[in-house]
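Please work through the exercises below with the sequence and the structure in view.

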Amino acid sequence: MDYAKIADISELKGQVVVARRTVYVYQAPVRIWHWVNAACMTVLFVTGYFIATPPGSLGGEASAHFQMGYIRFAHFAAGQTMAVFFLMRFLWTFAGNAASKQLFWVPVWKKNFWDGLFNEAKWYAFMVKYPRQYVGHNPLAHMMMFFVFTLGTVFMICTGFAMYSEGAGRDSLWAKAFGWVFAIFPNSQDVHTYHHIGLWVLCLFAAVHVYAAVREDIMSRQSMISSMISGERQFRDDKV
Amino acid sequence: MSATETFYDVIRRQGITRRNFTKFCSLTAASMGLGATGASEVAHALETNPRVPVIWMHGLECTCCSESFIRSAHPLVKDVVLSMISLDYDDTLMAAAGHQAEAILQETREKYKGKYILAVEGNPPLNEDGMFCIDGGRPFVERLKEMAADSMAVIAWGACASWGCVQAAKPNPTQATPIDKVITDKPIIKVPGCPPIAEVMTGVITFINTFGRLPTLDRQGRPEMFYSQRIHDKCYRRPHFDAGQFVEEWDDENARKGFCLYKMGCKGPTTYNACSTVRWNDGVSFPIQSGHGCIGCSEDGFWDKGPFYERLSTIHQFGIEANADKIGVAAAAVVGAGIVVHTAVTAAGRLGVKHGGRAPEAPDQDLSQGT
């Protein structure tokens, strides 16, 4: 793979001139999806919480308000947007680079995956001094992404659309596509409960994800946050 | 009671005019949503089909289904029991008792093999070989299987027969089991509710009697005509839900104004039943109209999805009072504290580290690893 290109350093006048390897890893569709998804998830967390625990009751005539209506609309709109982008993100794995496929599979049969995973776990447990470098996700992140984010999102999409189909009606497209959820959980209240647990799981995932991204950006000699903006990952270990 | 007569024969004998009979057919067809030709189909069926023999058995239950059933107003239960169907056996309603009653069971089974409807109220407990429900000197489950074997179809009355209800609530000591888990080779129609609405019960019987087949069932085996929408979808308090107007306390001003009971734990949004349209006791009222939330009595395992008065269900695996939000907040606190501690340890380790320093043990590495 031809990732490495050397930065143009001819104009720099600093004392130390360092050429750093930079790799184009997150292609535009991945980045767009990432930020749309982040925005949708934020809306979904807030509105989802309020759907389960509505804000204080409003007075006056019912015809004067549409508070729950708007909250639910925002939730449904964000959910549908997220689902469509998630589908497009999945389709992108067939056209995208190797890193774009990581979200949807985990190479559990590869020895160096487990080796890397333990090393990364040790890195987070302060047991090794330096983490290894990866173009895409490190094995620990890769594992978390697939098992918590991807599977979690699929679960939320399925249960979410199943509940949406309850309002849309038995004959709706949604009921035909996602009604099978109620064959697994016959009582819709259970689906609501599990969907709500899913909210917290993904919310905590987001918290850990942001923490890890910030920390790794500082600590791991690799760029993280700017990589999801520019798509380029820079390795800051001072060698070409 | 003979089952060879038709419904029409019986009501004419009782002095009902043909005019009134056609009126009844039109009303029944309309209430089932059968469309323009429905009335004549109903009339034709009632004139020509022999009355359907029904065997009504009672397992582990409280008889609230029967109590509801006998209060049916449209049609009146006397019309159903005395005219429409041939209710050959129902130990709580029939005159016969003991060996006489037992004989009817065997007789119906032989005479109408494959033609009678088995209506089951309650469910069989399977633990200890079914010893927790003895009926006629034998475990109920044995009699149930016996009678189901020669039936045309099985009606599972109420939450007990459909889902298990209170006797199947955790930890279900008697291993009370819904009918469809015991009888697997017959069409089963679930009519859940604790009890089901009287008009829903008689409506289902009228349909089967009229058309000689089961009504369209949904994925969970319930008749679509009564169970395809949630209480919430047809609730007259729904506008208050959409507006964000909720009862916050049982005795607050909002309760007096009739606001939405969502925050008081109403299970209307997750409960499929006809309460908000058909209502109860000849259409007088239903729980929400009377100021109390729906407890979801027609849903699977509703006793275990409580509390009845809170929106979020208790999740028992995490302790007595836990629900999704309490677990979520606790987990968030743990994760948050973890992040803070991890940050602190990380920062402490960075003290005195010079920027631009080389990583002494940075290994040469295949960057595609793991991709």
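**Exercise 1: a histidine in chain B**

Task: decide whether B:His232 is buried or exposed, and describe its surroundings.

Solution. B:His232 counts as buried because it has 23 C-beta neighbours inside 10 Å, where buried requires 20 or more other C-beta atoms within 10 Å of the residue's own, exposed means 12 or fewer, partly exposed lies in between, and C-beta atoms are placed from the backbone. Before going further, note that this is a predicted model, in which local features need pLDDT of at least 70 and side-chain atom pairs count only at pLDDT 80 or more, while totals for chains, interfaces and linings use all residues. Residues are numbered from 1 along each chain as its sequence is written, and chains are lettered from A and ligands numbered from 1 in the order in which they are written.

Leaving aside residues up to four places away in sequence, B:His232 touches B:Arg238, B:Gly268 and B:Pro269, a contact being two C-beta atoms, placed from the backbone, within 7 Å. Finally, the C-alpha atom of B:His232 is separated by 18 Å from that of B:Ser313, which is 81 residues away along the chain.

**Exercise 2: an enclosed helix**

Task: explain why helix H5 (residues 77-84) of chain B is described as largely enclosed.

Solution. Six of the eight residues of this helix are buried, and therefore the rest of the structure largely encloses it. Those buried residues are B:Val77, B:Asp79, B:Val80, B:Val81, B:Ser83 and B:Met84. They pack against helix H1 (7-13), helix H4 (64-69), strand E2 (86-90) and helix H10 (198-211) of chain B.

**Exercise 3: the plan of chain A**

Task: list the elements of chain A in order, and say how many helices and strands there are.

Solution. Starting from the N terminus, the order is β-β-α-α-α-α-α-α-α-α-β, which amounts to eight helices and three strands. The C-alpha atoms of chain A fill a box of roughly 70 × 45 × 35 Å along the principal axes, and 30% of the 240 residues of the chain count as buried.

**Exercise 4: two packed helices**

Task: find how H3(A) and H4(A) are oriented to each other.

Solution. The two helices pack at an angle of about 100 degrees, and their axes are 7 Å apart. H3(A) is therefore roughly perpendicular to H4(A), a term that covers angles of 65 to 115 degrees. On the H3(A) side the contact is made by A:Phe113, A:Gly116, A:Leu117, A:Glu120 and A:Ala121, and on the H4(A) side by A:Pro139, A:Leu140 and A:Met143.

**Exercise 5: where the chains meet**

Task: describe the side of chain A that touches chain B.

Solution. First, 56 residues of chain A are in contact with 53 residues of chain B. Helix H2 (67-92), helix H3 (111-124), helix H4 (139-168), helix H6 (181-184) and helix H7 (188-219) of chain A each supply at least two residues of this side, and the largest share, 14 residues, comes from H7(A). By class, the side of chain A divides into 28 nonpolar, 19 polar and nine charged residues, where Ala, Val, Leu, Ile, Met, Phe, Trp, Tyr, Cys and Pro count as nonpolar, Asp, Glu, Lys and Arg as charged, and the others, Gly among them, as polar.

Definitions and conventions. Helices (H or I, at least four residues) and strands (E, at least two) are DSSP runs, numbered from the N terminus. Axes are lines fitted to C-alpha atoms, for helices over the stretch in contact, and angles run from 0 to 180 degrees between N-to-C directions. Angles under 35 degrees count as roughly parallel, over 145 as roughly antiparallel, 65 to 115 as roughly perpendicular and the rest as oblique.
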